[in-house]
Structures are given as structure tokens and as C-alpha cells.
Amino acid sequence: MPSESELALRLQQGLDQLQLALSAQQQGQLLTYLSLLQKWNKAYNLTAIRDIDEMLVKHILDSLSVAPFCGAATSLLDIGAGAGLPSVVLAIVYPGMRVSGLDSNIKKTRFMQQVGYELNLTNFHVLHARADTADLSTTFDIVISRAFSSFSDFVTLALPRLVPGGQIYAMKGRYPESELAEASSLCDINSVIPLSVPYLSEERHLITATAPSTQKVN
Ligand SMILES: C[S@@+](CC[C@H](N)C(=O)[O-])C[C@H]1O[C@@H](n2cnc3c(N)ncnc32)[C@H](O)[C@@H]1O
């Protein structure tokens, strides 16, 4: 198992590759989050990944890879956030952004609440609810998901939660050709951005979309 200083160095080098400049405090928060994930995973089964270095790459750095595309937003909702991926990571990167992590699984929302408390993330809010019935009373600049559902199901859930002109972001693995075709009548797909995750040779993509500008006919 890598030592704390080895993990810190690997994080620092990953951040350099992503061209993200985070303070020592933010890097410390990311490492504390990583250790909480590993600690709670034993009892709560938060993620199938057990190895801490793999968690750093496939969870923390993977979530950080979307950060450069979120900087203009003041609010963000993560649907099906699970253990807080990517929402906790984005709340750490952007302390001025109102970030909400929503999940229907009570163990996962308890974990996110504990993370928010231990990291003193005052901009991070946890919602225990189903995405289709959640009473949120507010809308968001970005609605994001990672490993949640088909893109079309996600779009249907995300659209009512967006401010006018807000962005839907879906984090995907391989180029999601069939999912894009299926959702083309529901929204305007603006881009499919290849993401590069440090130390990972697998494909990652970010779909960005907005509410349909015109009434679409099937
Ligand atoms: C595969 S996990 C992904 C979690 C996290 N986004 C990640 O990348 O690790 C999907 C999550 O979606 C949640 N979920 C599934 N259906 C949901 C719904 N209708 N409303 C809210 N959360 C839901 C599950 O509880 C689970 O935590």
C-alpha cells in the first residue's frame, strides 16, 4: 500500500497533468476524502474499488478531469452521486459554488454528510431522495452525473432541475454513440469532450447538452 506521502505526490502530479492549481488545503481535503472513502467502504460498501491508489485514479482524478468545464457555474447538482463522485471533489475545487449531491441510498447520503462535516465543506449539501420525486425548490447551472443511468433517462431527470440556459453534463466511458442517438430528440447535444485521466489508459467522455432550443419532432 502506498504511503501518505506517496499518495500526496501522485495527487500533485495528477493535478499538474490536469493543469489544476489547488492549494495545499484543497489537496489535503482530497486526501482526507480518499482515506474516508477507504475507511467507510469496509462497512458501507460504497464502491467496488478497494485499492487506495486505484481509488485515487478512478474516483478522485477521474472526477477532477471534469473540473475545468465547471468553473463558470455557481451551482451544481450531482444526480446519483453515490459516495460523492464527482460532487464532493467539485465542492473542494470550487468552494464558492453551491454543490448538491443527491442519492436515494441512505448509506451513501450518510457517508456524504459525514464527508461534508469532516472536511468543513460549507458549500456542499446532501439530498437523500429519488431523483424523479425530489423536492428541491431550486434549480442549478449544471446538473451532472457519473455512472448513473442511460443518457436519455438522465436528461429527462435533469431538465426540470436546470436554470434557463443551464448545462447537462454526463460523464461516460467509451464514446457513447448509441446513447447520443437515443437522446437527440430530448435535448440539444452541444459537445462530446474526450477526457484524459492521469495514470489511466481507458477512454472517458463528457457529454454536454442543453434544453432543446426548438420543439423536436420524432
Ligand atoms: C453506480 S452508482 C454511481 C455513483 C457515483 N456517481 C460514482 O460515480 O461513483 C449510481 C448511484 O445512483 C443512485 N441512484 C440510482 N437510482 C437513483 C434515483 N432514481 N434517484 C437517486 N439516486 C439514484 C444509486 O443509489 C447509486 O448510488
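Analyst: Two residues are taken to be in contact if their C-beta atoms, placed from the backbone, lie within 7 Å. The coordinates are those of a predicted model, in which local features need pLDDT of at least 70 and side-chain atom pairs count only at pLDDT 80 or more, while totals for chains, interfaces and linings use all residues. Residues are numbered from 1 along each chain as its sequence is written.

The unreviewed UniProt entry lists Gly80, Leu85 and Arg146 under "binding site"; UniProt positions are given in the numbering used here, feature names are shortened, and annotations may be inferred rather than shown by experiment. Although these residues are spread over 67 residues of sequence, they cluster in space, with a largest C-alpha distance of 8.7 Å.

Leu85 lies in the loop that joins β1 (75-79) to α4 (87-93), where helices (H or I, at least four residues) and strands (E, at least two) are DSSP runs numbered from the N terminus. With 27 other C-beta atoms within 10 Å, Leu85 is buried; a residue is called buried if 20 or more other C-beta atoms lie within 10 Å of its own, exposed if 12 or fewer, and partly exposed in between, with C-beta atoms placed from the backbone. When neighbours within four places in sequence are left aside, Leu85 is in contact with His59, Ser63 and Arg146. The peptide bond that leads from Leu85 to Pro86 is cis, with omega near 10°, and Pro86 is likewise placed in the loop between β1 and α4.

Arg146 belongs to strand β4 (residues 140-146) and counts as buried because 22 C-beta neighbours lie inside 10 Å. Not counting residues up to four places away in sequence, Arg146 touches Leu85, Pro86 and Met171, a set that includes both residues of the cis peptide bond.

Ala147, in the loop between β4 and α6 (151-158), has phi near 55°, a positive value in a residue other than glycine. In contrast to the buried Arg146, Ala147 is exposed, with 12 other C-beta atoms within 10 Å. Ser137, in the loop between β3 (124-128) and β4, also has a positive phi, of about 55°, although Ser137 is not a glycine; with 5 other C-beta atoms within 10 Å, Ser137 is exposed.

Val115 is found in helix α5 and, with 25 C-beta neighbours inside 10 Å, counts as buried. Residues up to four places away in sequence aside, Val115 touches Tyr33, Leu36, Gly84 and Val88. Of these partners, Tyr33 and Leu36 are among the α2 residues that meet α5.

Helix α2 (residues 24-44) and helix α5 (residues 106-118) pack at an angle of about 150°, their axes 11 Å apart; axes are lines fitted to C-alpha atoms, for helices over the stretch in contact, and angles run from 0 to 180 degrees between N-to-C directions. The two helices are therefore roughly antiparallel to each other, on a scale where angles under 35 degrees count as roughly parallel, over 145 as roughly antiparallel, 65 to 115 as roughly perpendicular and the rest as oblique. α2 passes α5 in a right-handed crossing, a crossing being left-handed if the near helix is turned anticlockwise from the far one by less than a right angle, and right-handed if clockwise. Thr32, Tyr33, Leu36, Trp40 and Tyr44 in α2 meet Lys107, Phe111, Val115 and Glu118 in α5. By class, this contact has 6 nonpolar, 1 polar and 2 charged residues, where Ala, Val, Leu, Ile, Met, Phe, Trp, Tyr, Cys and Pro count as nonpolar, Asp, Glu, Lys and Arg as charged, and the others, Gly among them, as polar.

Helix α2 also packs with α1: their axes come within 11 Å and cross at roughly 120°, so α1 and α2 are oblique to each other. Leu7, Ala8, Leu11 and Gln12 in α1 meet Gln27, Leu30 and Leu31 in α2, and the residues of this contact divide into 5 nonpolar, 2 polar and no charged.
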